[in-house]
Amino acid sequence: MLAHDALTKLLHAAITWAWEPAVWNLGAAKDGTNPLANIEPRVSANLSNQFEWPLFFYVACLLAIFLGMGGNTILISLAWLFVVGRVLHSAVQIFTTNIRLRGLVFTLNFVAVIGMWLYMAYHPPVLS
């Protein structure tokens with residue numbers, strides 16, 4: 001969860017940087033235009049994406065911790081797969097316009113979170 005939080009903070013910094021030429025005229029081109037204008041909508045969209053599907057990741061993580069499964073190797077591996085997938089998804093969405101690749105990378109995130117939920121459903125802890 002901390003790794004995904006760090007990614008989100010990095011994206012907040014990136015969107016702030018992309019807005020600089022338009023808001024403060026810092027880094028603006030000589031004609032006053034924003035040289036980052038073409039990338040700003042992609043960073044903004046990706047930042048919004050960090051608050052959609054990841055919600056299910058956070059709930060799964062918190063449930064795993066609550067159930068005493070936070071140290072489970074399979075759940076930790078799936079969580080890292082999710083984070084790696086989010087980083088890749090961000091890179092693809094921001095630096096390319098390849099929708100198919102973006103969908104493929106999103107599938108990593110989707111499978112990782114679904115895997116976490118299924119693992120917890122079929123391997124419930126013994127609560128006393």
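Biologist: Is Gln-50 buried or exposed?
Modeller: Gln-50 counts as buried because its relative accessibility is 2%; buried means under 20% relative accessible area, exposed over 50%, and partly exposed in between, with a 1.4 Å probe and protein chains only. This is a predicted model, in which local features need pLDDT of at least 70 and side-chain atom pairs count only at pLDDT 80 or more, while totals for chains, interfaces and linings use all residues. Residues are numbered from 1 along each chain as its sequence is written, and side-chain values use heavy atoms, with hydrogens and water left out.

Biologist: Where is the place of Gln-50?
Modeller: Gln-50 is in the loop between α2 (40-49) and α3 (54-66). Helices are DSSP runs of H or I with at least four residues, strands are runs of E with at least two, and both are numbered from the N terminus.

Biologist: With which side chain does the side chain of Gln-50 make a polar contact?
Modeller: The partner is the side chain of His-4, at 2.7 Å. A polar contact is a pair of N or O atoms within 3.5 Å; within protein, one must be able to donate a hydrogen and the other to accept it, and residues adjacent in sequence count only if both atoms are side-chain atoms. Leaving aside neighbours within four places in sequence, Gln-50 is in contact (heavy atoms within 4.5 Å) with residues including His-4, Arg-86 and Ser-90.

Biologist: Turning to α4, which of its residues are buried?
Modeller: Among them are Phe-82, Arg-86, His-89 and Ser-90. Helix α4 covers residues 73-95, and Asn-72 caps its N-terminal end, with a side-chain oxygen 2.8 Å from the backbone nitrogen of Ile-74.

Biologist: At what angle do α4 and α5 pack?
Modeller: The angle is about 160°, with the axes 8 Å apart. Axes are lines fitted to C-alpha atoms, for helices over the stretch in contact, and angles run from 0 to 180 degrees between N-to-C directions. The two helices α4 and α5 are therefore roughly antiparallel to each other, a term for angles over 145 degrees.

Biologist: What about Leu-63: with which residues is it in contact?
Modeller: Leaving aside neighbours within four places in sequence, Leu-63 is in contact with Trp-117 and Met-120. Leu-63 belongs to helix α3 and is partly exposed, with a relative accessible area of 28%.

Biologist: Finally, how many helices and strands are there in the chain?
Modeller: The chain has five helices and zero strands, and buried residues make up 34% of its 128 residues.

Terms used. The expected span of a helix is 1.5 Å times one less than its number of residues. Angles under 35 degrees count as roughly parallel, over 145 as roughly antiparallel, 65 to 115 as roughly perpendicular and the rest as oblique.
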